[in-house]
Amino acid sequence: MISVTGKRPENFKGDLLVYCAIQHKDKMPLCEEGIKKLVKPAWKSGDFKAKPGETIFLYSDLLGHAAKPACPRILIVGLGERKENIDEVREQLRLAGGTVAGAARKCRARKVLVVLPQMKEILVADKAEAMSEGLVLGNYSFDCYKKEDKDRPSPVRNFYLTGSDSATSLRLGVKRGRTTALAACRARDMANEPGNFWTPEKFAEFGKDLGKKYAIKCRVIEKAAMKKLGMGGILAVNQGSASPPKLVILEYISNTKNPTLMLVGKGLTFDSGGVSLKPAAGMEDMKYDMCGGAAVITAMQAVGQEQPNNVNVIALIPATDNMSGGAAVKPGDIITHFGGKTSEIINTDAEGRLILADALAYGIKKYKPDAVVDLATLTGAVIIGLGHHKTGLLANDDTLAARLLSAGESAGEPLWRLPLGPEYSKQLESKVADIKNTGGRPAGTITAAAYLQEFVGKTPWAHCDIAGTAWGFTEKSYVPKGPSGIATRTLVTLIRNWKPLKK
Ligand code: BES
Ligand code: MN
Ligand code: ZN
């Protein structure tokens, strides 16, 4: 669906031919020599400055015979002003890709050729990667539950990229961008699927499928084994459920001498709150409570495809729904986590930390990873603090935190670090058990992370609270309403650049 072509733009016979233009203050935008005479009148009339998101359509039939390209329609997309920061350049290209995908869909184009602009500020492969991500992510739609409608524009079938740069570098970039963007689209699919379809079983099936396709081993810890292992957190959350819990584990081992990164993602397939029931308004959104698990499992799809040789990656997805009922866990109940720590359940709606605690404790004991990253739609409080624009980051290790911040910046998925500390951990003291599962209203995002911190010991660990960014993320051309597919690309970026934490 996206590939590099050596075809000359003027000979392209598809539906839409795209050029990029760079804003140049109030001067004529910068663009390919060949299209200057097209851009100039649009700029002169004040219609087009090449600002981000700005577009103009031109029709080949209106051009003179000699200059007329084979493609009937030309789109010129604005990139905005030149940027110096490489992450900003990437984002600029991703946004342009998203704009192109949206415009192409509106005019029902099926085959689209994008001519990449000349840019000294970014490597050719990185340029092609970012544009590809924008095109693929912006081309996303989910309408498998709607009846066929001929009036609904369908996604673009084929994107082609070309440019005056080395075809090898273009191909490398397109491949990288396609891998991560398709993985993130898969995460969006999982989230869009309703809770009555995307059950814990589906996480297990997806994991087993990865195991068949790639050099990845998949293990699923079933309910009976959880009982034997003493995973009281996952079991407690699952008590009110009609479907069994699963702990899906994926192991990618490149070399036993390599450092091991462990990923854990909250796979809560529907969060009703349990006995501490959530209000009805907006409860349907709680089918998205599995977005951490989706990010982790789709990042593993990319790992399977790329087979990095610098790191081993272990992924754990604890999966269950959180339901009410006669068998459900109740406020006041005391549970025992994997490893023996007891916890007093104050609020059954603080369930994410319960399933993550078992997965973290088990994964660290079993795999002795060099670093751990967990991702979860963990608290409403993070939306109050950071809105829908930044993921909350909490970590016990500054190097790991810095790496996540930088991976997120590069992927266009920014994070913001919040503190941890004994003052916050104290809020979790229980009168009857080792800890309790809520720390009251103040600093809800931090006390949730402090709960997880109880289970990681001294292992370098970072926690990403994606409750604000997993859906309803910052409006962008390449991010639809609904689930954003957040963190898949950040994780792959982190993995691609991985090196040992301490020399
Ligand atoms: N899944 C929710 C967090 C959430 C809330 C995500 C809103 C997205 C939007 C989580 O399980 C939860 O219910 N957290 C509680 C914790 C509280 C009971 C301590 C919350 O944030 O209210
Ligand atoms: Mn909850
Ligand atoms: Zn939840």
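Biologist: At what angle do helix α4 and helix α8 pack, and how far apart are their axes?

Modeller: This is a predicted model. In it, α4 (residues 167–192) and α8 (residues 291–306) pack at about 150°. Their axes are 9 Å apart.

Biologist: Why are α4 and α8 called roughly antiparallel?

Modeller: Angles over 145 degrees count as roughly antiparallel. The angle here is about 150°. Therefore α4 and α8 are roughly antiparallel to each other. Their crossing is right-handed.

Biologist: What makes the contact between α4 and α8?

Modeller: Contact means heavy atoms within 4.5 Å. From α4 come R176, T179, A183, R186, A187, M190 and A191. In α8 they meet C291, A294, I297, T298, Q301, A302, Q305 and E306. By class, that contact has 8 nonpolar, 4 polar and 3 charged residues.

Biologist: Which way do α9 and α13 run, roughly parallel or roughly antiparallel, and how do you know?

Modeller: Helix α9 (residues 352–367) and helix α13 (residues 444–453) pack at about 30°, with axes 9 Å apart. Angles under 35 degrees count as roughly parallel. That makes α9 roughly parallel to α13. The crossing is right-handed. R353, L354, L356, A357 and L360 of α9 make the contact with A448, Y451 and L452 of α13.

Biologist: How do the residues of that α9 and α13 contact divide by class?

Modeller: There are 7 nonpolar, no polar and 1 charged. Arg counts as charged, and R353 of α9 is in the contact.

Biologist: What about α2 and α3: at what angle do their axes cross?

Modeller: At roughly 40°. The axes of α2 (residues 86–106) and α3 (residues 124–138) come within 7 Å. The crossing is right-handed.

Biologist: Which classes make up the α2 and α3 contact?

Modeller: It has 7 nonpolar, 4 polar and 7 charged residues. Gly counts as polar. Among the contact residues are G97 and G98 of α2 and G134 and G138 of α3.

Biologist: How do you know that domain 1 and domain 2 touch?

Modeller: 16 residues of domain 1 are in contact with 16 residues of domain 2. The domains span 2–162 and 188–496. About 1300 Å² is buried between them, and carbon and sulfur atoms give 51% of that area. Their C-alpha centres lie 37 Å apart.

Technical notes
Residues numbered from 1 in each chain as written. Chains lettered and ligands numbered in written order. Predicted model: local features only at pLDDT ≥ 70, side-chain atom pairs only at ≥ 80, totals over all residues. Heavy atoms only, no water. Axes fitted to C-alpha atoms, helices over the stretch in contact; angles between N-to-C directions. Helix = DSSP H or I, 4+ residues; strand = E, 2+ residues; numbered from the N terminus. Parallel < 35°, antiparallel > 145°, perpendicular 65-115°, else oblique. Left-handed = near helix turned anticlockwise from the far one by under 90°. Domains from an automatic or database assignment. Buried area = accessible area lost by both parts, 1.4 Å probe.
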